[in-house]
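Subject: Structure handover

Hello,

Here is the structure for you to look over. My notes on it follow below.

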Amino acid sequence: MMQPSSDTPSTGTASGGPGGALSGRLRVPGDKSISHRALLISALAVGESCADGCLESDDVLATRACLQTLGVDILRTAPGSYRIHGVGTHGLAPPDGILDCGNSGTAARLLAGVLAGHAFPAVLTGDASLRRRPMRRVIDPLEAMGAEFSTAEGGRLPMTVTGTDDLLPATWTSAVASAQVKTCVLLAGLHASGTTTVVEPRQSRDHGERMLRGFGAAVSARAVDDGLAVSVEGNASLRPTAIAVPGDVSSAAFPLVATLLTDGSDLELEGVGVNPTRTGILDALRAMGADIEEERVEGAGTEPIANLRVRGRGGRLRAVDLGPEYAPRTIDEYPALAMAAACAEGVSRFRGLGELRVKESDRLETLRAGLQAAGVSARIQGDDLLIEGTSRPRGGVRIDSSLDHRIAMAFLVLGTACAAPIEVTGAATIRTSWPAFGEAMRQLGAAIDTGAAAA
Ligand code: S3P
């Protein structure tokens with residue numbers, strides 16, 4: 001099946017180079033995972049919900065545009081604030097065009113779950129990076145529930161989802177700990193007649209469960225022999241609510257690491273989401289010797305929030321050995337963490353990173369190759385990444401982002417700790433998660449120049 005598709009242009013050259021200390025206060029943009037879910041779940045409620053603090057990046061805007069193509073009114077009332085007119089769990093309209101998810105795996109996989117409960121065909125596609133990513137992990141459970149799919153070769157996008165009004169409840173054991181799979185199946189389960197359960201081998205981020213409960217859905221979780229079983233009751237009617245999106249800890253990871261790599265730096269990050277299913281990065285950096293203070297603040301929503309204060313270390317960070325149990329709660333932060341390891345004393349080992357191969361790029365390989373090019377010894381053993389730190393990496397290289405925003409930001413941060421700047425090509429991809437990254441880092445004093453690539 002061939003369909004037209006979008007491509008995020010692989011444009012924009014950015015650079016990160018040595019400079020002075022970082023200091024100041026920063027509010028990182030809204031959490032990407034929670035922003036997608038806020039729009040999607042609100043769209044399925046009966047009546048008007050509002051969401052504040054939403055991330056306004058290409059990924060989340062793709063979810064918004066897809067929902068609008070499916071007949072949902074979403075009004076922007078202020079920067080980051082939206083009023084979403086929910087149409088009920090069966091109320092989406094057949095789209096009059098292709099649903100373009102851009103670079104966003106979350107948009108594609110969560111929308112597939114929602115579309116499974118609607119009796120019309122819809123075509124999902126994305127950019128070159130997203131069209132390489134596996135969709136079988138959501139197609140298999142949704143087919144078991146009664147939806148039909150046709151895909152490009154290898155179960156890839158573009159794909160057509162033809163849902164049904166009579167979705168069957170299912171118990172699905174996922175081979176991977178993936179919040180995208182879990183939320184996708186739970187969203188489909190809202191439409192089914194009965195209880196739908198997803199079993200994941202280790203707990204992945206639980207934003208979907210928290211938010212669904214906030215909308216009145218009956219969601220429960222229990223430990224089972226092979227992991228965690230999360231269930232949702234079908235035939236659900238969601239009542240609209242107000243959502244406050246916290247700052248994204250995955251974005252916070254970049255200024256955090258940049259601060260730790262520069263002597264004399266002192267940074268406060270305000271309103272960061274510290275859901276324990278996401279804070280592996282904080283535990284890992286502390287295990288490396290980082291000084292990170294965490295002050296809990298009252299939040300309006302169902303997610304824990306804190307202000308973080310981090311100070312640059314007088315000495316080097318220590319290498320760390322992170323077991324595979326870290327992976328689900330640190331999954332998007334390995335690029336930032338790898339840069340901390342690149343400057344730490346000793347050999348760091350991050351274990352069980354097979355899932356990094358199927359992110360926006362093959363992050364195991366893009367990290368290894370980029371670090372090597374920047375003068376840091378790195379290798380892959382099975383699913384583990386090993387990095388031998390050096391006090392001042394050489395830098396002075398040009399690294400392609402591979403359409404991967406976190407690879408781009410990570411190497412720009414590494415450049416600030418190198419002897420010579422690192423140039424990143426394809427840096428426009430940073431817009432998918434943090435359009436103002438360059439400006440924010442410059443305001444803190446980092447010598448990061450994203451030019452026209454991203455603000
Ligand atoms: C996400 C889950 C993670 C993460 C991605 C966002 C989500 O993916 O890497 O950036 O919002 O559910 P997996 O669930 O595939 O691990």
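In what follows, contact means heavy atoms within 4.5 Å. Please keep in mind that this is a predicted model.

With that cut-off, and leaving aside its neighbours within four places in sequence, A38 is in contact with A51, M211 and I243. A38 is part of helix 1, and its relative accessibility is 0%, so it counts as buried. A38 and T241 are 203 residues apart in sequence, yet their C-alpha atoms are 9.9 Å apart in space.

The ligand

Where does the ligand sit? The ligand is in the largest pocket. The residues around it are S33, R37, T106, S178, A179, Q180, R205, I331, D332 and K359. Helix 1 (32-44) and helix 5 (179-191) each supply at least two residues of this shell.

- K359: a polar side-chain atom is 2.7 Å from an oxygen atom of the ligand.
- Q180: a polar backbone atom is 2.9 Å from an oxygen atom of the ligand.
- T106: an N or O atom in the side chain is 3.4 Å from an oxygen atom of the ligand.

Taken alone, the ligand exposes 380 Å², and the protein buries 96% of that.

Helix 8

Which residues of helix 8 are buried? In this helix, residues 280-287, they are G280, I281, L282, A284 and L285. The elements that cover these buried residues include helix 7 (249-260), helix 9 (327-330) and helix 10 (334-342). Among the strands that cover them are strand 16 (291-297), strand 17 (305-311) and strand 18 (321-322). After helix 8 comes G289, with a positive phi near 105°.

H405 is found in helix 12. Its relative accessibility is 0%, so H405 counts as buried. The H405 side chain makes a polar contact of 2.8 Å with the side chain of S433. Beyond its neighbours within four places in sequence, H405 is in contact with K32, N103, E360, R363, T429, I430, T432 and S433.

T416 is in the loop between helix 12 (405-415) and strand 23 (422-425). Is T416 buried or exposed? Buried means under 20% relative accessible area, and T416 has 10%, so it is buried. A polar atom of the T416 side chain lies 2.5 Å from the backbone oxygen of V413. Leaving aside neighbours within four places in sequence, the residues in contact with T416 are G16, G17, P18, G19, A446, A447 and I448.

Backbone geometry

The peptide bond that joins L157 and P158 is cis, with omega about 0°. P158 lies in strand 9 (residues 156-162).

N235 is a residue other than glycine with a positive phi, near 50°. Its place is in the loop between strand 13 (227-233) and strand 14 (242-244). At 58% relative accessibility, N235 counts as exposed.

S402 is not a glycine either, and its phi is positive at about 55°. S402 lies in the loop between strand 22 (398-400) and helix 12. With a relative accessible area of 25%, S402 is partly exposed.

Regards

Note on methods: Residues are numbered from 1 along each chain as its sequence is written. This is a predicted model: local features need pLDDT of at least 70, side-chain atom pairs count only at pLDDT 80 or more; totals for chains, interfaces and linings use all residues. Side-chain values use heavy atoms; hydrogens and water are left out. Buried means under 20% relative accessible area, exposed over 50%, partly exposed in between (1.4 Å probe, protein chains only). Helices (H or I, at least four residues) and strands (E, at least two) are DSSP runs, numbered from the N terminus. A residue is near a molecule or strand if one of its heavy atoms lies within 4 Å of it. A polar contact is a pair of N or O atoms within 3.5 Å; within protein, one must be able to donate a hydrogen and the other to accept it, and residues adjacent in sequence count only if both atoms are side-chain atoms. Accessible areas come from the Shrake-Rupley method with a 1.4 Å probe; for residues, only the protein chains shown count as cover. On a 1 Å grid over the protein atoms alone, a cavity is a set of points where a 1.4 Å probe fits but cannot get out, and a pocket is an open set with protein on both sides within 12 Å along at least five of seven lines; lining residues have an atom within 4 Å of a point. A molecule sits in a cavity or pocket if more than half of its atoms lie within 2 Å of its grid points.
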